[in-house]
Every structure is written in C-alpha cells, then in structure tokens.
Amino acid sequence: MSDSLRPEPGGFPRQVYEFNRSGEKAMSLKLISGMMKSSGEEALLVMDAGGTNQTVVIDRQALLEVGAPPRCDESRLQENIDLFSRIACAKYDRGDVERDGRIRIHAADLGA
C-alpha cells in the first residue's frame, strides 16, 4: 500500500496515509528502478508516486559516504537502495522537492 494524494474541495491535494498490516505507515513512494548515470557521478531512482513517476537523484558524495570502502558504483547503490528509498519517501512526505520536481539526496541526508 502507498500514500496517495486525493483532491479536497477546491482542487488542492491532501495526503492520505495508508497503513500496512503491522500498523506502520506505508511508504509514500514505491521503487520502480534504480541505476547509475552513465557519467558515474550520480544515481537515479524512479519511484511511483500514486500513478506518476517521481525521480530521485543521489549525488556522488552520498554514495561514497554510505559504506566502506568509499565507492560510487552500481553495487553500492544496490546495496543501499532500501535506505535511499526511505530517505526519498521522507523527503517527499515533507515536501522537500526541488523546483525541477526531483528529490535530491545528499550526504547530509544520510544522518537525518
């Protein structure tokens, strides 16, 4: 289950939360795909946000700092894809979305 946006009177969306069987709030975004950009400088997650795609950009420093030894590659992304997905969901729920519509994950987000 996932969060969804439902319009209120007047057309403004409101967040409607769904809960999983254990009573915890379900993630608002669902992972579709994760990949490194061909430049190797950042990674991308494509996540489902209630029927629309939400792009998440993970910067090089976040990939380097998430594990030891420091690496910025596909295997480091895949090892930590659940962590990055949870961070993306938290930022999405807070409305921490860039002007271009993307969510960006930086090294500073790892400790938040």
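A salt bridge here is a side-chain nitrogen of Lys or Arg within 4 Å of a carboxyl oxygen of Asp or Glu. Glu41 sits in the loop between β3 (30-36) and β4, and Arg60 in helix α1, so the pair ties together parts 19 residues apart in sequence. Helices (H or I, at least four residues) and strands (E, at least two) are DSSP runs, numbered from the N terminus.

On the source: this is a predicted model, where local features need pLDDT of at least 70 and side-chain atom pairs count only at pLDDT 80 or more, while totals for chains, interfaces and linings use all residues. Residues are numbered from 1 along each chain as its sequence is written, and side-chain values use heavy atoms, with hydrogens and water left out.

The whole structure has 9 salt bridges. Another one joins Asp109 and Lys91, at 2.9 Å between the closest N and O atoms. Asp109 lies in the segment after β6 and Lys91 in helix α3, so parts 18 residues apart in sequence are tied together. Asp109 is buried at 14% relative accessibility, and Lys91 is buried at 4%.

Next, Arg76. This residue is in helix α2 (residues 74-79) and is buried, at 2%. Salt bridges with shared partners join Arg71, Asp73, Arg76 and Glu79 into one network.

Methods. Buried < 20%, exposed > 50% of the residue type's maximum accessible area, 1.4 Å probe, protein only.
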